Amino acid sequence: MTNGIVRKTCFTTFDGTLSLSTTHQRPDRFSHLESPDTTAHRIPRGGGYSYSASSFGESSLVQEMTCFNRFLEFNTQQATLKLEAGVSLIDLMEWALPRKLYFPVLPGYPLITVGGCVAADVHGKNPYIDGTFADWVNQLTVFHPQKGYQSCSREVNPNLFAMTCGGFGLTGIITDITLQLAELPSPAIALSRKSVHSLEEAQFELASSNADIAYSWHDATAGGNFGAGIVYTGHWTESTEQLKPMRFRPMTASTRAKLPLSAWNRVSARIANSAILLHNRLKSDVSVTGILDACFPFASNVYFHKLFGKTGLRESQFLVSEENVGQCAQALKELICETSAPTMMLSLKRFKGTQKSLSMSGTGYLVAIDCYRNAGTDVFFQRLDQLILEMGGQINLSKDSRVPPEIAALTVSGITDFKNNLFEYDPERIMRSELSARLGLL
């Protein structure tokens, strides 16, 4: 339903591990956005693809911003685009590509909203070169029910700008964003695949690459095949090959969880990973693909996520320094094999970030681990938390729905400053979510 009416809705994190019912509004005009009680707790929501409950919370009105999806102003000389926060990434790219422009930082799914990307300060397929989403944001308008509409940038109201980028909606509702676009070198990407036998080998390949896209995939099941994987590197190419348009079926938290039980277990995970490795060896080392397919690889292949079923999955992403990544890879292998952890796949990216709020920041390697859920999942994640602490790692809060406050306090570099600034900016903490409650930001 699209209007200012408030109803009760059950929300679920995209990983399927947490659900709750709360009040919900999907405004399609500013009067609807402004109309609820200014003293009532609320939180903005975009497409709903966060693994953590950052866009809903108990006793908070969820204001879903997907109807605020207009393109507002384009500066042709500076290649800047002002748009509303509910514009999806696929709509942004389909607007930009015919104009020979693109946005360099694209997370994994095309229906994520631009506002959600700012709130989580997401990264794309090569954060070491492109940075994070906030690096390409020039200006924001933030609505707070007790402060009204506030414009902010690095030059104007910079503290609010810094808190809002990576602030998970806790400073207010982003209504519009001015993005810096980049010139499109080519509509095609030459995507190379190189087989590797270990995380250390993948790290070496990524460190020596100057590719426009660079990340790895690995078998993370316990056993002798752990770490075997593929390093993907992509370069712009002037290929004249006819590119197929990207096709995908929209997936939500509810459609992802249609299966009553998870199809993933130790046996099926090993079989699937072995099939991926074999398929890679049989394919050509280089293929030419469109930028959308290269940046949204899961969009057209939803089975990995859907096979987790209603049981859901657990994911952890963390940043570890270049000095510690080798030691971390070895310790991670030992931990997974020792505990027979329910891990499925693992990914590496080189990372460089500067935003200081609740998002990751710094230079190093991003490690992402996906697990199916069984009796050993939570035990493994508790051990993983300790390993991250020992390695001086930083956790990505948007990808982990269960990070306890004591771990977040030690693994999110900007959390103390963010909390102090937030409490000064909004003493009543009108904007609240399950994530902010769990982290003690109330």
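This report covers a sheet, the helices beside it and several salt bridges.

## About the model

This is a predicted model: local features need pLDDT of at least 70, side-chain atom pairs count only at pLDDT 80 or more, and totals for chains, interfaces and linings use all residues. Residues are numbered from 1 along each chain as its sequence is written, and side-chain values use heavy atoms, leaving out hydrogens and water.

## The sheet

An open sheet is built from 8 strands. Their order is S15-S12-S14-S13-S17-S18-S16-S19, and the pairing is antiparallel. Strands (E, at least two residues) and helices (H or I, at least four) are DSSP runs, numbered from the N terminus. Two strands pair if DSSP finds at least two bridges between them. Strand S15 (286-290) and strand S19 (394-395) are the edge strands; each pairs on one side only.

Inside the order, S16 and strand S18 (residues 362-372) run antiparallel and are joined by 8 bridges. Gln317 stands opposite Ala368 in S18.

## Helices on the sheet

Helix H6 (residues 199-207) packs on the sheet. H6 touches strand S12 (188-196), strand S13 (213-219), strand S14 (229-237), S17 and S18. Contact means heavy atoms within 4.5 Å. The direction of H6 makes about 30° with that of S17. Axes are lines fitted to C-alpha atoms, for helices over the stretch in contact, and angles run from 0 to 180 degrees between N-to-C directions.

Helix H12 (residues 377-390) lies across S16, S17, S18 and S19. H12 runs at about 5° to S16.

## Salt bridges

The structure holds 10 salt bridges. Each is a side-chain nitrogen of Lys or Arg within 4 Å of a carboxyl oxygen of Asp or Glu. One of them pairs Glu64 with Arg26, with the closest N and O atoms 3.4 Å apart. This pair links distant parts of the chain: Glu64 is in strand S4 (residues 61-64) and Arg26 in strand S2 (residues 19-26), 38 residues apart. Glu64 is buried at 15% relative accessible area, and Arg26 is partly exposed at 23%. Buried means under 20%, exposed over 50%, and partly exposed in between (1.4 Å probe, protein chains only).

Glu322 bonds to Arg350 in another salt bridge, at 2.9 Å between the closest N and O atoms. Glu322 lies in the loop between strand S16 (313-320) and helix H11 (325-339), and Arg350 in strand S17 (residues 343-353), so the pair ties together parts 28 residues apart in sequence. Glu322 is partly exposed at 32% relative accessibility; Arg350 is buried at 14%.

Asp400 and Arg402 meet in a salt bridge of 2.8 Å, N to O. Salt bridges that share partners join Asp385, Asp400 and Arg402 into one network. Asp400 and Arg402 are both buried.
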